[in-house]
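Look it over first, then follow the questions.

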Amino acid sequence: MQAIRTINRALSSALALVALVGAFVLMSAASARAGENVFVEVAPNSVQAGSRVSIKASCDNDNNNRRSSVHSDAFGHVMLKPDKGFLTGQVTIARDKPAGDYPVDLRCDNGQTASTTLTVLNMASPSKGPATGGGGTAGGRGTGSLLVLGGVALVATAVALGMAGGRRRSGAGS
């Protein structure tokens, strides 16, 4: 009887400990989730100067029905508007914007903030090659057509010599 009571007490203590740990995990997880709904994204996050980017943000689920602003040295201030549960906007990066990484900062009405990075590229546009035509569109007979004619003549000569050589052998045997 004493052994059963000891086992019951140990089991009760273990269950109480599991309940305390579970309550602690649930309480700490709720506070960690509160900031997860505040974010800002820029797509694409690497862009050539002069290109347009889309901005998507969230100021927590309850605050996504109000306008909010985003600021970056890459494009200045942009007002984001509510759109399907998020805050969205678009902006064009200036063509003369120097290449580099620019922080994009979201400031919400509820005081929360979020940040991401926009990389601006300023690569020179590739130059086009000379306008020489597509080869076959050039006027006159070029090297390509001479090679084709020479190949056809070579094959015709080989066929003719082969036929002439075959006739001699059959005539020589009779």
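Student: In which sense do β3 and strand β6 (residues 86–92) pair, parallel or antiparallel?
Tutor: Two strands pair if DSSP finds at least two bridges between them. β3 and β6 have six bridges. The sense of their pairing is antiparallel.

Student: What kind of model is this?
Tutor: Residues are numbered from 1 along each chain as its sequence is written, and side-chain values use heavy atoms, with hydrogens and water left out. Local features need pLDDT of at least 70, side-chain atom pairs count only at pLDDT 80 or more, and totals for chains, interfaces and linings use all residues; the model is predicted.

Student: What pattern does the protein chain follow along the sequence?
Tutor: Helices are DSSP runs of H or I with at least four residues, strands are runs of E with at least two, and both are numbered from the N terminus. The chain has two helices and eight strands. Read along the sequence, the pattern is α-β-β-β-β-β-β-β-β-α.

Student: Which strands are the edge strands of the sheet?
Tutor: The sheet is open, with eight strands and mixed pairing. Its order is β1-β3-β6-β5-β4-β7-β8-β2. An edge strand here pairs on one side only, and the two are β1 (38–43) and β2 (46–48).

Student: Which residue in β6 does Ser-54 stand opposite?
Tutor: β1 pairs with β3 in the antiparallel sense over six bridges. Ser-54 in β3 is the bridge partner of Ala-43. In β6, Ser-54 stands opposite Gln-90.

Student: What is the omega of the peptide bond from Ala-43 to Pro-44 near?
Tutor: Most residues other than glycine have a negative phi, and most peptide bonds are trans. Pro-44 sits in the loop between β1 and β2. The bond from Ala-43 to Pro-44 is cis, with omega near -10°.

Student: About what phi does Lys-84 have?
Tutor: Lys-84 lies in the loop between β5 (76–83) and β6. Its relative accessible area is 79%, so Lys-84 is exposed (over 50%; buried is under 20%, partly exposed in between, with a 1.4 Å probe and protein chains only). Lys-84 is not a glycine, yet its phi is positive, at about 55°.

Student: Which residues does the disulfide join?
Tutor: A disulfide is a pair of cysteine sulfur atoms within 2.5 Å. The structure holds one. With S to S at 2.0 Å, it joins Cys-59 to Cys-108.

Student: How many residues apart are Cys-59 and Cys-108?
Tutor: Cys-59 is in strand β3, and Cys-108 is in the loop between β7 (100–107) and β8. The pair links distant parts of the chain, 49 residues apart.

Student: Why is the disulfide of Cys-59 and Cys-108 left-handed?
Tutor: Cys-59 is buried, at 2% relative accessible area. Cys-108 is buried too, at 5%. The disulfide is left-handed because the torsion about its S-S bond is about -85°.

Student: With which side chain does the side chain of Ser-58 make a polar contact?
Tutor: Ser-58 is in strand β3 (residues 52–59). Ser-58 counts as buried because its relative accessible area is 2%. A polar contact is a pair of N or O atoms within 3.5 Å; within protein, one must be able to donate a hydrogen and the other to accept it, and residues adjacent in sequence count only if both atoms are side-chain atoms. At 3.0 Å, the partner of the Ser-58 side chain is that of Asn-64.

Student: How far apart in space are Ser-72 and Leu-106, C-alpha to C-alpha?
Tutor: Ser-72 is in strand β4 (residues 68–72). Its relative accessibility is 1%, so Ser-72 is buried. In sequence, Ser-72 and Leu-106 are 34 residues apart. In space, C-alpha to C-alpha, they are separated by 9.2 Å.

Student: How far from a polar atom of the Ser-72 side chain does the backbone oxygen of Pro-103 lie?
Tutor: Contact means heavy atoms within 4.5 Å. Leaving out residues up to four places away in sequence, Ser-72 touches Tyr-102, Pro-103 and Val-104. The backbone oxygen of Pro-103 lies from that polar atom at 2.9 Å.
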